[in-house]
Amino acid sequence: MTPTQQIVAASTVTEDVTDPRGRVLSLRRATKLEIRRLTRACGAAADSDRWFGEVVLAAQVQSIDGVPVPTPQNADQADLLVARLDTEGINAVADWLQSGGAVPREDPTN
C-alpha cells in the first residue's frame, strides 16, 4: 500500500463499538488536521487539557445508533457532544483508541 493509499484508507476506516448504555458508536480516527481545526474552532477552551482531551475523544464519533454526528465547530458544540456521549461513551471511545481501533492494515496483495 502506498503512503497515499494509507492516508486515504485511514480517513475512511470506521468501526462500531457498543458502549455500556447499549448505544452503537461508529468510530473513525480523527486526522491530525481535523484535531488542529478542532483546536482552532474551540479557541481558548482548548487550553484546558482535560476538557480538550474529552473533545478529541468525542471527535472520533461519526454516528450514534446510525444517526450521523457532525464534527463540533465551536466550544459549545463540543460541550454538547461530550455531554451527549457522557462518561460511558467517552470511555468506550478511549478504550477503542487504546486497543488500536481503526488502524489501517497493510494490503497483503501489495
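This is a predicted model: local features need pLDDT of at least 70, side-chain atom pairs count only at pLDDT 80 or more; totals for chains, interfaces and linings use all residues.
Local features required pLDDT of at least 70 and side-chain atom pairs pLDDT 80 or more, whereas totals for chains, interfaces and linings use all residues. Residues are numbered from 1 along each chain as its sequence is written, and side-chain values use heavy atoms, with hydrogens and water left out.

The chain has a mean pLDDT of 88 (the predictor's confidence in each residue, from 0 to 100). In total, 88% of its residues reach 70 or more. Confidence is lowest in helix 1 (residues 3–12), with a mean of 72, and highest in strand 2, at 97. Residues 105–110 have pLDDT below 50. Beyond near neighbours in sequence, this stretch makes 7 contacts in the model (heavy atoms within 4.5 Å). Helices (H or I, at least four residues) and strands (E, at least two) are DSSP runs, numbered from the N terminus.

An open sheet is formed by 4 strands in the order 1-2-3-4, with antiparallel pairing. Pairing requires that DSSP finds at least two bridges between two strands. Strand 1 (15–18) and strand 4 (67–68) are the edge strands, and each pairs on one side only. Strands 2 and 3 run antiparallel and are joined by 3 bridges. Leu27 has Val61 of strand 3 as its bridge partner. Helix 4 lies across strand 1, strand 2 and strand 3. It runs at about 50° to strand 2 (axes are lines fitted to C-alpha atoms, for helices over the stretch in contact; angles run from 0 to 180 degrees between N-to-C directions).

The loop between strand 2 (24–27) and helix 2 (32–42) holds Arg28. Arg28 counts as buried because its relative accessibility is 11%; buried means under 20% relative accessible area, exposed over 50%, and partly exposed in between (1.4 Å probe, protein chains only). The side chains of Arg28 and Glu34 form a polar contact of 2.8 Å.

In helix 2, the buried residues are Ile35, Leu38 and Cys42. They lie on the same side of helix 2 because they cover an arc of only 60° around the axis (taken from the directions from the helix axis to the C-beta atoms). Lys32, Arg36 and Arg40 are exposed on the other side of helix 2. The cover over the buried residues of helix 2 includes helix 3 and helix 4. Gly43 follows helix 2 and has a positive phi, near 60°.

Helix 3 (residues 49–58) buries Trp51, Phe52, Val55, Val56, Leu57 and Ala58. Helix 2, strand 3 (61–64) and helix 4 (75–98) are among the elements that cover these residues.

Notes
A polar contact is a pair of N or O atoms within 3.5 Å; within protein, one must be able to donate a hydrogen and the other to accept it, and residues adjacent in sequence count only if both atoms are side-chain atoms.
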